[in-house]
Amino acid sequence: MAHDHKLEIFRGLLKFKSNTQKIWGVLIFLSIVTTVEVALGIIKPRFLTHSYFLGMKLLNWIFIILTLVKAYYIAWDFMHLRDEKTALRRVIVWTPIFLVCYLIFILLFEADYIYTVYGDEFITWDF
Amino acid sequence: MDATVSTGTEDSVWGGGNKPLGASYGKMMMWFFIMSDALTFSGFLVAYGFSRFKFIELWPIADEVFTHVPFFHGNYPMYYVAFMTFILIMSSVTMVLAVDAGHKMKQKSVILYMFLTIIGGAIFVGSQAWEWATFIKGDYGAVETNSGRILQFVNAETGERAALADFSKTLPEDRVKHVESKGIWFAGEGYQTSYSLNEVVEGFKATPNILIRTEQLNEEGEKTLLDRKESLSKILEANQVVEGANLIHNEYGHRLFADFFFFITGFHGFHVFSGVVINIIIFFNVILGTYQRRGHYEMVEKVGLYWHFVDLVWVFVFTFFYLV
């Protein structure tokens with residue numbers, strides 16, 4: 001199992017000759033993504049920080065999506081999830097995703113509620 | 001791994017020896033651990049999100065907090081963290097290369113790549129220690145108000161942050177550090193600031209080009225700058241000087257920011273540290289030829305899984321602590 005590697009990334013767009021080559025290819029890809037993130041974080045283009053999608057800045061959406069992309073390639077190629085059986089991969093990936101999404105949902109909604117309470121109630125928190 | 005042992009139970013599903021997921025026992029347990037650890041880290045990061053959403057208008061801007069690079073003076077937001085991220089990804093790569101060499105039973109290459117991985121991990125832990133030291137030591141200094149809000153100072157002419165030393169007066173007063181042995185035993189001071197509150201306030205009143213910056217974020221996503229008149233009335237609310245950050249006071253802004261910084265990066269740094277230790281143990285086993293004799297390098301693969309996981313967590317910490 002572990003000896004035969006799937007050597008394609010980007011859904012077969014890029015096919016490597018050996019596993020070693022694939023590793024370097026993934027490294028280059030991850031470095032590019034990190035560089036883009038850092039560059040955007042330093043420049044902070046105005047059209048990205050002033051437009052919102054679902055209540056969050058577009059820039060932050062880009063950061064989060066790029067993070068998930070990086071996480072995907074680390075898990076799939078460095079942790080060899082690409083070469084594992086489908087059942088094992090799904091168990092590993094979807095269980096935490098489900099639990100974390102639930103956690104994010106309840107905690108962030110609660111925090112937002114507390115924020116409105118701080119703002120609208122009759123007690124001042126900055127005295 | 002592929003050895004066939006005849007136990008007479010091959011036809012029975014419950015007879016043992018089945019690997020329905022195609023992974024060995026040890027690897028499965030490593031994945032179990034990684035998943036539970038991932039949920040722990042998610043708990044921390046979501047708790048950070050909780051506190052941040054609760055104080056969304058007051059939260060410090062990470063770009064203004066982490067601006068230092070070792071051996072360089074000046075304002076370089078994020079460069080050093082980006083470097084740390086790169087180091088960790090790089091050591092992840094050498095780890096995969098070690099696993100790959102292990103599959104091919106090349107002992108010499110495994111040794112080399114494991115060594116490089118350990119070096120990368122050590123550089124990362126060292127960088128994190130430096131980040132902590134810089135964060136604890138502080139930058140410009142600030143004052144804290146009665147309600148626990150932080151007021152920072154800005155030079156009105158240049159628009160840049162002003163350090164306490166730039167405008168504070170040195171007054172002929174003698175303030176001794178309060179130690180537990182000379183007074184009430186439960187009321188010692190951790191550290192004494194370089195200027196007393198009185199010196200900062202008097203210096204502020206005497207220097208007309210210094211303005212106060214509050215924690216409040218305005219619509220541009222920047223901290224609110226008060227004019228001179230507002231600043232003069234705001235400074236009266238100050239009740240202590242804060243230099244640097246600890247678990248109770250934080251000159252960069254909301255104290256929870258410092259708490260989460262210490263907690264999350266500390267917990268991650270501890271993971272990297274234990275990863276380095278485990279890597280060293282495996283490294284010596286490789287040198288001794290343990291796995292060469294065993295016939296497979298699955299142990300390197302398992303420790304590799306842990307190492308990549310540490311990298312994976314850092315990718316998220318980097319995003320949610322430094323970028324977003």
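Helices (H or I, at least four residues) and strands (E, at least two) are taken here as DSSP runs, numbered from the N terminus. On that basis, the secondary structure of chain B comes to 10 helices and five strands, in what is a predicted model. The radius of gyration of chain B is 27 Å, well over the 20 Å that the globule rule gives for 324 residues, so chain B is more spread out than a compact globule.

**Overall form of chain B**

- Along its principal axes, the C-alpha trace of chain B spans about 90 × 45 × 40 Å.
- Of the 324 residues in chain B, buried residues make up 39%.
- When contacts in chain B are limited to those between residues at least 6 apart in sequence, 67% of them join residues at least 24 apart.

- The five strands of chain B form an open sheet in the order E4-E3-E2-E1-E5, and the pairing is antiparallel.
- The edge strands are E4(B), residues 223-225, and E5(B), each of which pairs on one side only.
- From one strand to the next, the twist averages 40°.
- Helix H6(B), residues 197-206, packs on this sheet, where it touches E1, E3 and E5 of chain B, and its direction makes about 105° with that of E5(B).

- Strands E3(B) and E4(B) form a hairpin with five residues between them, and B:Gly221 in the turn has a positive phi of about 80°.

**The helix pair H1(B) and H8(B)**

- The axes of helix H1(B), residues 25-54, and helix H8(B), residues 255-288, come within 11 Å and cross at roughly 170°.
- Angles over 145 degrees count as roughly antiparallel, and H1(B) and H8(B) are therefore roughly antiparallel to each other.
- On the H1(B) side of the contact are B:Phe44, B:Leu45, B:Tyr48 and B:Ser51, which meet B:Leu256, B:Phe260, B:Phe263, B:Ile264 and B:Phe267 in H8(B).
- By class, this contact of H1(B) with H8(B) has eight nonpolar residues, one polar residue and no charged residues.

**The contact between chains A and B**

- In the contact between the two chains, 46 residues of chain A are in contact with 40 residues of chain B.
- Helix H1 (19-43), helix H3 (58-78) and helix H4 (86-120) of chain A each supply at least two residues of the side of chain A that touches chain B.
- The largest share of that side of chain A, 16 residues, comes from H4(A).
- The residues of the side of chain A that touches chain B divide into 29 nonpolar, 10 polar and seven charged.

**B:Ala82, a residue that touches chain A**

- B:Ala82 is found in helix H3(B), residues 79-103, and, leaving aside residues up to four places away in sequence, it touches A:Thr34 and A:Val38.
- A residue is buried if 20 or more other C-beta atoms lie within 10 Å of its own; B:Ala82 has 21 other C-beta atoms within 10 Å and is therefore buried.
- B:Ala82 and B:Phe318 are 236 residues apart in sequence, and their C-alpha atoms are 8.5 Å apart in space.

Terms used. Residues numbered from 1 in each chain as written. Chains lettered and ligands numbered in written order. Predicted model: local features only at pLDDT ≥ 70, side-chain atom pairs only at ≥ 80, totals over all residues. Contact = placed C-beta atoms within 7 Å. Nonpolar A, V, L, I, M, F, W, Y, C, P; charged D, E, K, R; others polar. Rg over C-alpha atoms; globule rule 2.2 N^0.38 Å. Buried ≥ 20, exposed ≤ 12 C-beta atoms within 10 Å, placed from the backbone. Pairing = 2+ DSSP bridges. Axes fitted to C-alpha atoms, helices over the stretch in contact; angles between N-to-C directions. Parallel < 35°, antiparallel > 145°, perpendicular 65-115°, else oblique.
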